Amino acid sequence: MHSILAVDDSASMRQMVSFTLRNAGFNVVEAVDGQDAFDKASGRSFSLVLTDQNMPRLDGIGLTKKLREHPNFKTTPILILTTESSDQMKQAGRAAGATGWLVKPFDPAKLVEVIGKVIR
Amino acid sequence: MNHSLAFGGQGDAPVDPLPARLSNPGAPLLTPDCPDSHRQAAAMALPPLAATDLQDHLMVASNDLERLQRLLADACDTLMQHHHGADQAVKRLAAQITAPAQGQPNSDEARAALQHLACAITALQFQDLASQLVDHTHRRLRSCADRLAYDTMGEDEDGAALICAAPDRPNPVTQDEMDAGSIELF
């Protein structure tokens, strides 16, 4: 079973994401911000990281950069799920090493579909 | 602002109010016997640049709150619609299950119910978007309030006044309805 690290400082968003992904058969580990996510990621491997962008302590782009420097996460798909839709932010995410950029709100079926495309 | 025109300088020499109005149409009409409160109000008037900046912040905050209203209204409508749809689909499914003589339960009804619930999940994300809008706007308004207080009343009694920094980026929430967002793979 694939494990996904779901990162968002919003409790309601973590609930929506976890509900959607667990219904689709994924195991989900939740993190409340980028630093929490990095701490949890350091101890294990994940098939995919799905992270919000605007979070305290460490934002999504910062988390992406740190994960790409970690030997276990150099090629792990990292999707950023955020309200941000500007080209400037998308390019920053791409430059940090993100695999994709998803704008909130997400459609459950489309989220599962895009994860299926990028996950190994 | 040339206070000597408005106040007659440091002394209390009589002031002709007309020159003050001509040089600064916005200046209060001061007369030699005007109350101290009028003189104090004129002294505390915000510089035009600061006033313009504050006005910009307040207008942006107002627009963001209008967007929040539209977002909440759209989320509510969508949730009600899909709640009704899911409710109807489940009732039809239940009727089929409890009346087997009318034929096998139709899986289309179950799929319809699940589709309505999936659409509801999209709309339920309004809480996150609304929360970000409120937080961003709150910081903007707090910054305006702090700057107004500092510009008119100066430092606090116990030291330097704390001025909440205004957001240095536009509000990240640009949506005003709960349609699913775009997906881009790099």
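Reader: Which residue in strand 4 of chain A is the bridge partner of A:Val49?
Author: That partner is A:Ile78. This is a predicted model, in which local features need pLDDT of at least 70 and side-chain atom pairs count only at pLDDT 80 or more, while totals for chains, interfaces and linings use all residues. Residues are numbered from 1 along each chain as its sequence is written, chains are lettered from A and ligands numbered from 1 in the order in which they are written, and side-chain values use heavy atoms, without hydrogens and water.

Reader: What makes strand 3 and strand 4 of chain A a pair?
Author: Strand 3 (residues 48–51) and strand 4 (residues 78–82) of chain A share three bridges in the parallel sense. A pair needs at least two DSSP bridges, so they qualify. Strands here are DSSP runs of E, at least two residues long, and helices runs of H or I, at least four, numbered from the N terminus.

Reader: Why do strand 2 of chain A and strand 1 of chain B stand at the edges?
Author: The open, mixed sheet has six strands in the order 2(A)-1(A)-3(A)-4(A)-5(A)-1(B). Strand 2 (27–31) of chain A and strand 1 (183–185) of chain B each have a single partner strand, so one side of each lacks a neighbour in the sheet.

Reader: How do you know that strand 1 of chain A is largely enclosed?
Author: Five of its five residues are buried, so the rest of the structure largely encloses strand 1 of chain A. A:Ser3, A:Leu5 and A:Val7 point one way from this strand, and A:Ile4 and A:Ala6 the other. Strand 1 of chain A also pairs with strand 2 of chain A, parallel, over five bridges, with A:Val7 opposite A:Ala31.

Reader: Does A:Ser10 count as buried or exposed, and why?
Author: A:Ser10 counts as buried because its relative accessibility is 9%, and buried means under 20% (exposed is over 50%, partly exposed in between; 1.4 Å probe, protein chains only). A:Ser10 lies in the loop between strand 1 (3–7) and helix 1 (11–23) of chain A.

Reader: And what makes A:Asp39 partly exposed?
Author: Its 46% relative accessibility does, so A:Asp39 falls in that middle class. A:Asp39 belongs to helix 2 (residues 34–42) of chain A.

Reader: Where does A:Lys66 lie relative to A:Phe38?
Author: A:Lys66 is over the face of A:Phe38, 4.3 Å from the ring centre. The criterion asks for NZ of Lys or CZ of Arg within 6 Å of the centre and within 35 degrees of the ring normal.
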